[in-house]
Amino acid sequence: MSDAASRPPSHTQSVLARRDLLGMGAMAIAAGVFRPLPALAQEPNVVDAALQTLGDGKSFNPARVAEIAKFLATKPFVPLPNDLPDNFGKLPLDQYNSIRAKPEAVLWLKEGRGFGIEPLHRGFVFSTRVSLFVVEDGVVRHIAYSPSMFDFGKVAPPAGDDDLGFSGFRVLAEGPDATNWEAAIFQGATFFRAMARGQNFGVHARTLILKPADQRGEEVPFIRAFWIDRPTAGSGALVVNALFDTESVAGAARYTLRPGDVTITDLEVSLYPRAALDHVGYGAMTGAYLFGPNDQSAAPDVRAAVYEVEGLQMHNGHGEWIWRPVSNPTNLEISAFVDVNPAGFGLLQRERDFNAFQDDQQHFERRPSLWAEPLGEWGEGSVQLIEVPTESEMNDNIITYWRPKQALQAGSEVSFACRLYWCWSPPERPSFAIVEATRVGNGPGGRQQRFAVDFTAESFADPNVLNNATAQATASPGKIAGIKLWPYPERKTLRVIFDLDPGSEPAVELRLVLEAAGKPLGETWLYRWTG
């Protein structure tokens, strides 16, 4: 299932038009602009030699990053060395978090450019070395590692001048009151995350995802190098280019970050497969879901719920809005929503009330929703949803992404782009009711399950609208019984309650649609019940 054509953003924050974005980035790294790299195959380290072409003192051109990726794809994959000492590689999280860059090591923070860049040390699970470069007035400058850049907190500093290297960087943004706030982090594999002003970090995005939950095993790309453009004062935008690599594919990525009340990241990616790729994901994102009202906690917990994302919303190519609550299943669950040219999808946190969680530290009600809007047509494929069993809220066990139907061939060049909104709610939403809550519990007869689904809309303040509503629920397999609607105009809510008899089936796909006079009154609710 999918959605249609692109639309202008509904927020007031200044953003680039799609045609400008695609013209600037995708055209810069499209096929046909590449000049051959010098003959580097004879160098002792092909990767290092290639990176030197965009090293200290070199003129920067984003097309060159794609050129390097294209070149590396013609060579055997070169893994990064596992050279992080155990005393850093085995750090517990609290000790790792005590390592912070000193104020003087944060780039541009006091230059009035609206951004600061804080290098992040390697350690804990962040063992991969990443090269950091900045681009100032069109010229590349390498950021050299030194232990003197860091306050090591609870950790013994490295001996001498050992080059332990960086794992990524944190982006600090300047707020309206001249205070700085953490807007984004680029760290670990090809993960990055951001948040709107006033939020806490939560859901992650992934530049590229390969074979997740695949019987062949997931393949994890990693960033080899970042080139961070020094921002222009007053622009409100930070541009970052990156080179990433893995056994099957090399690639170039360009991120344009605009922090604010809605934080936007434009992501442009070019891929150069070494091998055929039949399971690749665009617009990938991951979040944590331990338990909530639609399932039971695996262990007693003083908190009412523990999750940073509660559902997958999709706006498909046919114009249908879909809401699929997520869960912490007993077994691995994989769902595919077939579509053509989706308009958007995302993992959302709709619950904004502290009382729904009662967590004094994590404040899940402040976690961002993440909405992905394709830029350009993505063709045939499916939105994939993977729900992984977990016993820890530290695990990102909910994964979603767009999986193209057509495999990528070895030696080909493929590009995609999307706009990511880190927000309180997506910039575009249905004009009718959305699902506010899903609750699941025992129904009559032992085996039956009772569902309560709350829809909310401004129009539901009118009792006449509620009185004209009907609900259609289907189960495949299984049987639906006892559908009842409870209108609450004072709360602008319509509750639908029904019972499911799954019989002996271990899993049932459910679908619920609100209608009035044959037209939808709300987004389509989908759910997978498992016994």
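A nonpolar core is here a set of buried Ala, Val, Leu, Ile, Met, Phe, Trp, Tyr and Cys residues joined through side-chain atoms within 4.5 Å, where buried means under 20% relative accessible area, exposed over 50% and partly exposed in between (1.4 Å probe, protein chains only). The structure is a predicted model, in which local features need pLDDT of at least 70 and side-chain atom pairs count only at pLDDT 80 or more, while totals for chains, interfaces and linings use all residues. Residues are numbered from 1 along each chain as its sequence is written, and side-chain values use heavy atoms, with hydrogens and water left out.

**View 1. The nonpolar cores.** The largest nonpolar core has 87 residues, and those with the most contacts inside it are F226, Y255 and L271. Not counting residues up to four places away in sequence, F226 touches V130, S131, L132, F133, F169, F186, V240, N241, A242 and Y255, a contact being heavy atoms within 4.5 Å. A second, separate core of 33 residues includes L348, F460, A469 and V496.

**View 2. Strand β11 and its partners.** Helices (H or I, at least four residues) and strands (E, at least two) are DSSP runs, numbered from the N terminus, and two strands pair if DSSP finds at least two bridges between them. Strand β3 (residues 131-136) runs parallel to β11 and is joined to it by five bridges, with F133 standing opposite W227 in β11. Because seven of its eight residues are buried, β11 is largely enclosed by the rest of the structure.

**View 3. The surroundings of R224.** R224 lies in strand β11 (residues 222-229) and is buried, with a relative accessible area of 5%. Leaving aside neighbours within four places in sequence, its contacts include V47, F77, R129, L243 and D245.

**View 4. Two cysteines without a bond.** The structure holds zero disulfides, a disulfide being a pair of cysteine sulfur atoms within 2.5 Å. The sulfur of C418 is 14 Å from the closest cysteine sulfur, in C423, and therefore too far for a bond. C418 counts as buried at 0% relative accessibility, and C423 is buried too, with a relative accessible area of 0%.

**View 5. Confidence along the chain.** The protein averages a pLDDT of 91, and 91% of the residues score at least 70, pLDDT being the predictor's confidence in each residue, from 0 to 100. Over residues 1-44 the pLDDT is below 50, although this stretch has 113 contacts in the model beyond near neighbours in sequence. Where pLDDT is low, the predicted coordinates should not be read in detail.
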